[in-house]
Amino acid sequence: MSQPQSYQCPSCGAPLPVSSRFVQTVTCEYCRTVSAVTATGLDPTGETARLTPLPTRFSVGASGRLRGRPFRILGRVRYRASDGQWDEWYLLFDDGRAGWLEEDEGMMVLSTTQKLLNPVPPFEEIRVGDRFQTNGQTFFVTEKCTAAVAGSEGELFFPAVPGAQVRFVDGNIEGRTGFLEWGPSAIEFGVGDPVEHEEITLDAAGGAA
Amino acid sequence: MRVINFQCPSCGAPASLESGEMTAECAQCGNPLRRADAAVQQQSAAVGYATQSGIRLGTKTLIQGEEFEITGRLVLGERDEEGLSQWEEWVLIGERGTVLYLELDEGRWKLSRPFVPSRPLGPAELQVLHEGSGINLGDEQGIVTGSGTYQVLHVEGEFPYAVRRGQEHRYLDAQSLNGFVSVEWSEEAVEFYRGQVMGQRQLYVMLGMRDELAALDVRERVLAGRRTAGKAWLGAALIALSFWLVSLNRGQAVAGAGGTVRLAQAGEEGYRHGPFRLNGAGKLYRLVMRGSLSQSSIWVGLVLEDAAGAQLAGAQRDMWDESGTDSDGYWHEADLKGQADFRLEKAGDYFIRVYAEPEPGRSIAPDALVAWSLHEGVIYPTYLGVYGLIAGVLGIAFLIAGSPAQVSSTMQALKEASEDDDD
């Protein structure tokens, strides 16, 4: 796998090689301690943010095609939850449309934000398995979590303040994926679809894998 | 669990985080606090769980053009009324980030991946489903094969998601048209997976497990040999039982040895019929009698005698024939047949003596008859039947011993053998 990284076991200090950028949990071969890979990210003051260069095929400024549509990566936001982290890439297509590309447990999802046309239940009242309407379609809640912006780079259409708490509800909208994101000032709503790896090609200059 | 003490960077109040916690809130000023000191944090300590499968972490395999590595292994457990059951699950991470899950579930290998169903179900709908229920996720439909709650007992290797020992998840497995579907859920999330069931051989080929494959080849040859032996024994049983059926014949009727006797003729001394000549010394004979009565019940005995009147063999029967009319209309029941087999010691002239005894207080009707006959060369079929049964049992035993279900016990044996090698 590409670009293995090495950490140290926090329990016994033995080297803890991590074979792939997709790894989030690792066990020590020597003392069998189970550790979460979180990477150094943010200092507690929240004043400066620094993204650990996790190996990835994407980078800000890279360009390529997704299902034949040319795109450019404008920015990325890294989120961190209690025991994991993930990146979302902000893509601008040549037709002017924008999208978010997220990699989560082996599934890549491309989402586009939509204007939310109707009220949704408050975050606190939502439970996994709930159903409610979003823009005339049924939003089925599959996951609920609270995360923080760990850092960002490039151009984004909203201010990604490091440390800002973000509350997510992921869902299934009649066979597509959906998300609701309660940010500091607004509720973002997005609808997406899984993307297969081979449906994305990166231009060589853009730093292909 | 380690506790990290520090000061709130905002107000300076003392704060602490346990290892495993990333965020907290300052008790004084409410400032959200996050850990940033460690690249990795301790989650839990693990105890060893030996693998049952021979699958090794680090094994690489090509699946649909993508190279995967087995990076992590979980031992999951479920406690029910039968005790703790355990099974293993491996995570395979592809070079492109695709994640597959490989699970050994009651001897079946299941390879699965997450999917987005067109008709998702939530905890409230999932927890009322039970074994045998139908489940409809839109593009995937199936029959529920099991459900419950599992706990992560053991974590080993690397995972593309956060996992800790002691985590609990509800789960539901279903057999679908294309393979299987499973759903896992907790208060935080519900996840849908689908995949295919694989055979042992398919798995070994996929993971390039040559030693296991060779052992499986040997084992399958042994099993195939047993199946062949089983079929041969069953064939032999079929032949033996066919002969046994054929041999249930009556032999050749002996000319002159037979006739019809009016039962009323048989007094206390009986009625002697004969002589007739029997030449088949050492042969099996069958004495057959058939009565003809009406509205009566008579004990009938036939005895083979030699010329001197010595009684050699006999057949007897309570014969009866009754009929009448009841609410269902006319009825008629009768039992009028009897027979006995014997071996003739020497050729000579013989007689049949017919005895008859009516029910107490009744007399023998004049039209009550018994017809009798002697048949020579009856094949005594018991040994054929016994042989057929033994061959049949052997055949079935070989077929069972040669059935593919025995492979899993073979794997157990292999595993034990490999552990012995390690020692």
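**Notebook: a pocket, a tryptophan and a helix**

I sorted the lining of the second largest pocket by class: 12 nonpolar, 10 polar and seven charged residues. Ala, Val, Leu, Ile, Met, Phe, Trp, Tyr, Cys and Pro count as nonpolar, Asp, Glu, Lys and Arg as charged, and the others, Gly among them, as polar. The model is predicted, and totals for linings use all residues, while local features need pLDDT of at least 70 and side-chain atom pairs pLDDT 80 or more. Residues are numbered from 1 along each chain, chains are lettered from A, and side-chain values use heavy atoms, without hydrogens and water.

Next I looked up where the lining comes from. β10(B) gives the largest share, four residues (strands are DSSP runs of E, at least two residues, and helices of H or I, at least four, numbered from the N terminus).

I then turned to Trp109(B), which lies in strand β10 of chain B. Trp109(B) counts as buried because its relative accessibility is 2% (buried is under 20% relative accessible area, exposed over 50%, partly exposed in between, with a 1.4 Å probe and protein chains only). Leu203(B) is 94 residues from Trp109(B) in sequence, yet their C-alpha atoms are 7.5 Å apart.

Last, I checked α4 of chain B, residues 382–401. Its buried residues are Leu384(B), Gly385(B), Gly388(B), Ala391(B), Gly392(B) and Gly395(B). They lie on the same side of α4(B), because they cover an arc of only 130° around the axis (taken from the directions from the helix axis to the C-beta atoms). On the face turned away from that side I found Tyr383(B), Leu389(B), Val393(B) and Ile400(B) exposed.

Note on methods. The expected span of a helix is 1.5 Å times one less than its number of residues.
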